[in-house]
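User: I have a model open and some words I want to understand. Can we go through them?
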Amino acid sequence: MASISGPENPSPNIYIPPEWSSAAEAVAHGSLTSPPHIVLVCGAKNCGKSTFSRYLLNTLLLRYKKVGYLDTDVGQPEFSPPGFLSLTVVDEVTPDLTIPHMKTAERCLFFGDVSSKRNPTTYLNCIFALYDDYRKEYCNSDDSSNIGLPLVVNTPGWVKGIGYDLLVDMLKYISPTHVVKINISAQSKNLPDGAFWLDEDYDGMINLTEISSARQDSLNRSVLVQKDARLLRDIRLMAYFRQCFSSNLNISTIKELAHALASHPPYEVPISSIKIRHLHCQVPGTEIFYSLNGSIVGLAASSEGPKDLPWCFGLGIVRSIDTFKGLLYVITPVPQGTLEKVNLLLQGFIQIPTSLLQVQGSRSPYMSANVLSSG
């Protein structure tokens, strides 16, 4: 029976190549720097960036009490659901390097898509806003003995064409103290050799480490395998909405989660108390509620965050809309105290997993024909 935790059994005893260990140790145990370590990990798709970033995070946590993690991969984020860009402060080691773990971010922005291709300018602005917040909150200290919060920056695997330009812009803006570049055997898919993002006349110091992707474990089995990206995104979304329920509740399969969500009492949100913003597209005013119903939305506060980039607190499912009563019915794991700050719903292209819409034995509230009630 399908499980919410993942499509395959995790392997805590994943083999880390000596080259990876040496690279992580060199970064973590080098001389203390001020500003603090800012390590950007880059490379082609499926080269092991996320796994190495988790390993590097664990290695840094052996030296520092806390480490920041700036996640710029909207398709396969580490600590949040798909569609988010986030800054998370981590204070404990990740026990399993093979799977991402859900954590509450210090700051997050809902980009609303699983790729930056649709709106690269907004994507970059989101990353810059999160990095600026990191600098403001964790690096501006008058205490000379405080070296600040180390930061790991994980990047997407889109490194050709516009994706390459975005990565270069990111590197130039963040100016990391260390860059770890992971190469794969297919040379044509790799990033250029050397410090490709720097101008020719740059004469500063560069901490660039190039390593190869991990191909095999200690038993000569493949470590990095081709993954079903859509399936993994669906599993992340299901794991996120599983948080609507107590961990003591026996919900271990997708079917059980689908039934639980279908019968879960939603929050009642007065339509008059919120604004609705559609990301990446225009929706006619007469179609807004039809577009919103049965969708996943970002829950944000319009008064918080940089200009036109409101801080987001999490996701919600618009279960139904009653226009006669002026109410939206929303399901979300966001705590009620935090939910009271929300006055803006952000709709992008993140969709409810189809497996959650197929509730056997009952009528799915997300697929009903009469959910828009007007009295």
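User: What span does helix H2 (residues 49–61) reach from its first C-alpha to its last, and what span is expected at 1.5 Å a residue?

Analyst: This is a predicted model. In it, H2 has 13 residues and reaches 18 Å. The expected span is also given as 18 Å, and the helix is close to that.

User: Why is H2 called mostly covered?

Analyst: Buried means under 20% relative accessible area. In H2, 13 of its 13 residues are buried. That is why H2 counts as mostly covered.

User: Why does Leu257 count as buried?

Analyst: Leu257 has 0% relative accessibility. The cut-off is under 20%. So Leu257 is buried. Leu257 lies in helix H6 (residues 254–262).

User: Which residues of H3 are buried, and what covers them?

Analyst: Helix H3 spans residues 120–138. Its buried residues include Tyr123, Leu124, Cys126 and Ile127. Asp133 is also one of them. The cover includes strand E1 (38–43), strand E2 (67–71) and helix H4 (162–174).

User: What makes up the lining of the second largest pocket, by class?

Analyst: The lining has 13 nonpolar, 5 polar and 5 charged residues. The pocket holds about 520 Å³ of space. Of its 23 lining residues, the closest to the centre include Thr104, Cys108 and Phe313.

User: Which strand gives the largest share of that lining?

Analyst: E11 does, with 3 residues. Strand E11 covers residues 312–322. E4 and E11 each supply at least two lining residues.

Notes
Residues are numbered from 1 along each chain as its sequence is written. This is a predicted model: local features need pLDDT of at least 70, side-chain atom pairs count only at pLDDT 80 or more; totals for chains, interfaces and linings use all residues. Side-chain values use heavy atoms; hydrogens and water are left out. Helices (H or I, at least four residues) and strands (E, at least two) are DSSP runs, numbered from the N terminus. The expected span of a helix is 1.5 Å times one less than its number of residues. Buried means under 20% relative accessible area, exposed over 50%, partly exposed in between (1.4 Å probe, protein chains only). Contact means heavy atoms within 4.5 Å. On a 1 Å grid over the protein atoms alone, a cavity is a set of points where a 1.4 Å probe fits but cannot get out, and a pocket is an open set with protein on both sides within 12 Å along at least five of seven lines; lining residues have an atom within 4 Å of a point. Grid points are joined across faces, edges and corners, and a volume is the space filled by probe spheres set on the points. Ala, Val, Leu, Ile, Met, Phe, Trp, Tyr, Cys and Pro count as nonpolar, Asp, Glu, Lys and Arg as charged, and the others, Gly among them, as polar.
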